[in-house]
Amino acid sequence: MIHSLFLINSSGDIFLEKHWKSVVSRSVCDYFFEAQERATEAENVPPVIPTPHHYLLSVYRHKIFFVAVIQTEVPPLFVIEFLHRVVDTFQDYFGVCSEPVIKDNVVVVYEVLEEMLDNGFPLATESNILKELIKPPTILRTVVNTITGSTNVGDQLPTGQLSVVPWRRTGVKYTNNEAYFDVIEEIDAIIDKSGSTITAEIQGVIDACVKLTGMPDLTLSFMNPRLLDDVSFHPCVRFKRWESERILSFIPPDGNFRLLSYHVSAQNLVAIPVYVKHNISFRDSSSLGRFEITVGPKQTMGKAIEGVIVTSQMPKGVLNMSLTPSQGTHTFDPVTKMLSWDVGKINPQKLPSLKGTMSLQAGASKPDENPTINLQFKIQQLAISGLKVNRLDMYGEKYKPFKGIKYMTKAGKFQVRT
Amino acid sequence: MSSNSFAYNEQSGGGEATELGQEATSTISPSGAFGLFSSDLKKNEDLKQMLESNKDSAKLDAMKRIVGMMAKGKNASELFPAVVKNVASKNIEIKKLVYVYLVRYAEEQQDLALLSISTFQRALKDPNQLIRASALRVLSSIRVPIIVPIMMLAIKEAAADLSPYVRKNAAHAIQKLYSLDPEQKEMLIEVIEKLLKDKSTLVAGSVVMAFEEVCPDRIDLIHKNYRKLCNLLVDVEEWGQVVIIHMLTRYARTQFVSPWKEDDGVEDNEKNFYESDDEEKEKTEKRKKPYTMDPDHRLLIRNTKPLLQSRNAAVVMAVAQLFWHLSPKSEASIISKSLVRLLRSNREVQYIVLQNIATMSIQRKGMFEPYLKSFYVRSTDPTMIKTLKLEILTNLANEANISTLLREFQTYVKSQDKQFAAATIQTIGRCATNISEITDACLNGLVCLLSNRDEIVVAESVVVIKKLLQMQPAQHGEIIKHMAKLLDSITVPVARASILWLIGENCERVPKIAPDVLRRMAKSFTSEDDLVKLQILNLGAKLYLTNSKQTKLLTQYILNLGKYDQNYDIRDRTRFIRQLIVPNEKSGALSKYAKKILLAQKPAPLLESPFKDRDHFQLGTLSHTLNTKATGYLELSNWPEVAPDPAVRNVEVIELAKEWTPAGKTKKENPSKKFYSESEEEDGSSDSNSDSESESGSESGEQSEEGDSSDDSSEDSSSDSGSGSESELENKRTAKKNAKNKGRSDSEDGEKENEKSKTSESSSAESSSVEESSSDSESESESASKPESRKVTKEKEKTRQDRNPVTKDVSLLDLDDFNPVSTPVALPTPALSPSLIADLEGLNLSASSSVINSRSSTKPCSAS
């Protein structure tokens, strides 16, 4: 399936290559570079590029292109999903996935890639198993390794691959047994000029960090499971149990994992927690434009809105902006025309605003459209859909674990058209 | 220069080496051009020395540096002899890195690679399954043709290994060997056939992958394993699922008849002709009803449905395409929700999913209509995503939603991304042609856009308006006049050409403007683009024919200009038009028809989706994405008109009992119970069936769950018998069995939880087997009940009887798959609580027994 993998950085250097079948010359990447040139922007590079003898499938993450070389028909999502899994694994191993980090850990990277694919077919992709096979590098371990001459490679054999629950490693031991669940909801919305909602939906995930000894069997139930319209599970969740009782029953992997992602049914009206008042105008005659934005809370269920960041791609005609924020900091990049305003927390008594003027290119006609405003924000301790976890029970082990549940609401793709 | 800098790099590499390598004795002093070469040599010398040292740490450092070289794409092949020596190292990491090196360079150094073979051969006999597996993995990855016989032998042995993990690696090795030496195909197919029978979930995905690569046309190998694969599917790892689903899609298209209703009438007629005698029974059934889905077909659809919930986009897409290609059209709509969910994912996933949705939305609009708003474009989307979304929105447009859509399009037209704005205008044009009610509104909107500041937008609008007017040649004089005025301002050649063509076509409707336009064009003729010049010539010719009084001289002037144009196309056209329209002696019969030729009624262009012709590719494939046939693409065959004999999928029960029992269980349970564990699996699936079909099934399930959760096992069995008799009162046999079962479980009272769960399993097996015989035919079950009465209470005999009905025609799995009509109402009584069944299904089958243990022991805690 997957013949080879090339890692290419933003300046177009191939800084890592790995082959699972016979070697494919790196000159095959020339086709990729051609496509990259044509696309002008990195994110417009087509994910699938045909070449005379191969097909190049790529993903772009962390400013690195992961280019897989394919020779025969294969479902493209299969490869793309796998490449994303590779990136996730690197992130899991090294904390960040960047060129210098990969270069520093090239041996571990190579070992991991070797285990993930056999003859181009995925072999071990669960991070729990991989970590058992190849230990992730830590500072302590590096020190110990240099002194004692021991290695990254686990000396035990990967029994997990053979086990009943392939996602969980065996023999897990903790002194403090804890299980944390984060319910994170994102609001995707498009708000039109007048402030009415064109489309809004809520997507949520439950991320878990489970550090429990042995083979715990957990069940998690909701107060209002009906809210969940469409769900996808980590493979550990027992599907039938969910179908019949709407309860999540699972033997968790060890460590961090995404238990569930869901979509809240479209019938429920989505509460929009913020509003944006805007007054952006270009005049035909003068080379100055007015710019004014105010952000305020709307339906927040009494919670504070934090981490507000406003970004907007200004039209090409805008040369510069002189703005004064009532709070926070703002930047305008005259090259990319990107305006970014880091607002911080919204104080309902004193609404944050950003006012000023834009200087436009002399002689150029006014842009036909006002820029779209993208919004980011966070609300702690609130799941905007109203989803609530009822209880978490553990079976199969004797000890009493510490349990914690956290809620958070974030802006997903939140756009205000002006 | 370049060679110099290269050498410097090497040097610095060498410098690092001295820092890293603790054993390194030689220090490198870079000095001048002479030193460069020696240092290069030295550097590798240095690595060789490290590899030959006694200390593992030095070897390891050397190997790490070599791996670094490989990663950068540098050639490290000359170190081969030094590296190969370490293949038998005790240190696992060194060994692994040597393996990595070996697999990369063995092809180039075949003779030396042979030195390592004996090590692997030894490891293949290792008592540890993981060592056996990894030895096989590396051995088969070494692409050295000489060792093909050794590999073949190793694969054959590994395929019969006790460990499923080793067998999995054997399946991978099959593909490697096949690509190395295709002549081994026949032998390899034998191994594949053997491995396909494997019941381990670990092996299933890999062996199907091997099947797809080596012998995708040997569909006959699948028959006997079809039902097993369907049932294992949920528990196979995600990558295997994708491969299996794609293979089963192809399989199903060759084995079942179409569930799509349109074809039904045709099919039925033909069936009457070609019917064969041995299948008479089924056919009569089919004649009565227009279409009955093959139970195996249903099984596949039912078992893949839960996978729509997978976190893996590839699995979801695979299931979606399966539903699209195989399920009845009414059922396919459940996939849309899951596909829309994938749109939240990364841009690459979005891209592929949107492409597939685009193809689907052309054929079945209704599927995605409820999700219209999910395809609204955001300004932050990459352009390729934007255009795909537009495409889908166009496909979904209908009378009901067009007004909202048009409002949405209005914002897109104003987008800063002009390429996208232009695409939107084309989209509006397509909507206007598809939905006749809004054509006028769209036209007006497009005319407004003509005053847009952006030239690309205006040009695109003109082109689209031209197409629209061509379709509705009625009274649009006003618009044409407006466009004629635009000729002064628009500079984009395509747009100018479009306007001129439009005026020429409608010259009789705008008799005053047309000659004036020609006059103006005559002035600017020489400076126009070729495209525009051709249209000026056309306009002149048309006017000459309709209004020769006013335009005769102008046209001749233009024809003279055209005669001396630089472009031969234009000179050609000029000559042609002159001969055609200007009457002279030489001109033959053609000039009489000049008007008919030039002003003929022209068919309106069809504005079609670029995704229209993609539907002949299987969805979710690379070929579909590229819209060309990729190497190795396997065509999805059309539905057969007559289904091939469904009996080929039947598996002998004796085989069933052995083959289908999950591996984990075989060890723990005695042979007589194997049978039950098999039918328990089936019971679980039939349970899900009854759950969805009727409430009563789930109610009785709850009942038995109560019994299950309490510790008292006699209560347990009584609840069993209660629910059993409830469903099948008429059948005496059941009652007897239950009574017997009660006795047995009573005697076992006080045994471990594990035992208890087994008895409940066995009782469920009985109830399901009863159902089999009864559904087969009433008379048969009666005859079966006779020997039953004489029966001694021995487990083994019972199993033999249970087999009887099964071996006849229908295998175990068929029954719960039959339509409710054909099955006597008897619903299987779930003796296991639904939650337990859920557990069994959700978990790896091979382990279910041990899980039951832990679960049932925890149950009381939850109750208290």
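What share of the contacts in chain B with a separation of 6 or more comes from residues 24 or more positions apart? The share is 70%, where contact means heavy atoms within 4.5 Å. This is a predicted model, in which local features need pLDDT of at least 70 and side-chain atom pairs count only at pLDDT 80 or more, while totals for chains, interfaces and linings use all residues. Residues are numbered from 1 along each chain as its sequence is written, chains are lettered from A and ligands numbered from 1 in the order written, and side-chain values use heavy atoms, leaving out hydrogens and water.

Chain B contains 44 helices and zero strands; these are DSSP runs numbered from the N terminus, with helices being H or I of at least four residues and strands E of at least two. Of its 864 residues, 57% are buried, meaning under 20% relative accessible area, against over 50% for exposed and partly exposed in between (1.4 Å probe, protein chains only).

One helix, α22(B), covers residues 402–413. Its 12 residues should span 16 Å at 1.5 Å a residue, and the end C-alpha atoms are 16 Å apart, which agrees; the expected span is 1.5 Å times one less than the number of residues. Buried residues in α22(B) include Ile402(B), Leu405(B), Phe409(B) and Val413(B). Seen down the helix axis, the buried residues of α22(B) fall within an arc of 165 degrees, so they line one face; the arc is taken from the directions from the helix axis to the C-beta atoms. Arg407(B) and Gln410(B), on the other side, are exposed. The buried residues pack against β9 (197–211) of chain A and, in chain B, against α21, α23, α24 and α25.
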